[in-house]
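Okay, thanks for coming, everyone. Let me put the model up and walk you through a few pieces of it.

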Amino acid sequence: MKNYTPPVKSSWKGRDSDRVLYLHEKVDCQIITHLPKHTTGFALLGYACDIGVKRNQGRIGAKNGSAEIRKALGKMPNHLEAHQKITDVGDIHCQSQDLEETQKALSDAVTTLLDKNLFPLLMGGGHDMAYAHYNGIKNHLLSKGKRPSIGIINFDAHFDLREDTQGANSGTPFYQISNENEPFHYLCLGIRKDANDRKLFETAHELDVTYVERNTFRIQFAKEINTWIRAFMDKVDHIYVSVDLDGFSSAYAPGVSAPSPMGFSPDIVSQSLDTIIASGKLISMDIAEMNPVYDVDGQTAKLAASLMHQIVHSEFS
Ligand SMILES: N=CN[C@@H](CCC(=O)O)C(=O)O
Ligand SMILES: [Mn+2]
Ligand SMILES: [Mn+2]
């Protein structure tokens, strides 16, 4: 398989127990092409690529994000029952700076995981992974003869609605999706006015994007935010969630390409995820832009791992 790095059990380390008390003891490693035809649980897939960040004039390093998230997640406690599975299926990596080829490989891998009845949990990597991720979900639904009615909920400081006329990058994924999908359902939570120019706001309005600015995306407004999330989810059959770590305040997430000193805090994201999970519509999720080069004491990787810990231990697992 092109652009594919199989998983290695040695990536999963932590305290040892005789009762699978820790996630490193719980996670199975499996090559994608060797997965059984029909299985259950979560599939962890890395996007080891930061070419899109480089193309977007950002600080590179996110290609090593998935490795750091694995390290943080493996040390965390396991509260799952024996029948609840987590499988690490490895990474999609970039070869010869070819972003489009890497995105195609990620998209195909996501389709394969969904076809096998797994819930994909992707760890990145530049946010260009979102374009590939969406297409992987769409192709899975199309192959099942289902109408691809997918709503995107993106936790992010940025719209990522830059035009891709000069090629795709980490700032273009949702513009690319909007170009190829009508209707386009996009909810963006945490938008910063000091991080998106006027053209991006105009594009968001033209595309009828629903967004909540960072000043409002706070736990004090949880009731209203839940109402808006539910209203958005009512319009679609499936929800794809993307969490861009650069939306968090850099006090929580310094390890990103474009840090947000005035970003949101983890409580409101965690609470919003519970609301999304309760809908029963969540089909796939990613956490993007983990850049270990700028992380401090592994905080950002730990934050990403905590969100994944919440997802795998939530009601729908
Ligand atoms: N992934 C998105 N990146 C942001 C980068 C912003 C910045 O360079 O500060 C964007 O393109 O808008
Ligand atoms: Mn962002
Ligand atoms: Mn983004």
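First, a word on naming: helices are DSSP runs of H or I with at least four residues, strands are runs of E with at least two, and both are numbered from the N terminus. What you see is a predicted model, where local features need pLDDT of at least 70, side-chain atom pairs count only at pLDDT 80 or more, and totals for chains, interfaces and linings use all residues. Residues count from 1 along each chain as its sequence is written, while chains are lettered from A and ligands numbered from 1 in the order in which they are written.

Let's start with α9, residues 266-278. That's 13 residues, reaching 19 Å from first C-alpha to last, close to the 18 Å expected at 1.5 Å a residue (the rule being 1.5 Å times one less than the number of residues). Which of its residues are buried? Ile-268, Val-269, Ser-272, Leu-273 and Ile-276. By buried I mean 20 or more other C-beta atoms within 10 Å of the residue's own; exposed is 12 or fewer, partly exposed is in between, and C-beta atoms are placed from the backbone. Looking down the α9 axis, the buried ones fall within an arc of 140 degrees, so they line one face; the arc is taken from the directions from helix axis to C-beta atoms. On the face turned away, you get the exposed Asp-267 and Asp-274. And just after α9, Gly-280 has a positive phi of about 75 degrees.

What covers that buried side? Among others, β7 (185-191), β9 (238-244) and α10 (299-312). Contact here means C-beta atoms, placed from the backbone, within 7 Å.

An unreviewed UniProt entry annotates His-127, Asp-156, His-158, Asp-160, Asp-244 and Asp-246 as "binding site". UniProt positions are in the numbering used here, feature names are shortened, and annotations may be inferred rather than shown by experiment. Those residues span 120 residues in sequence, yet no two of their C-alpha atoms are more than 11.9 Å apart, so they gather at one spot.

Take His-158, in the loop between β6 and α6. His-158 has 24 C-beta neighbours inside 10 Å, so it counts as buried. Leaving out residues up to four places away in sequence, His-158 touches Gly-171, Ala-195, Asn-196 and Asp-244.

Then there's Asp-246, in the loop between β9 and α9. Asp-246 is buried too, with 29 other C-beta atoms within 10 Å. Beyond four places in sequence, its contacts include Ala-157, Ser-257 and Glu-289.

Methods
Contact = placed C-beta atoms within 7 Å.
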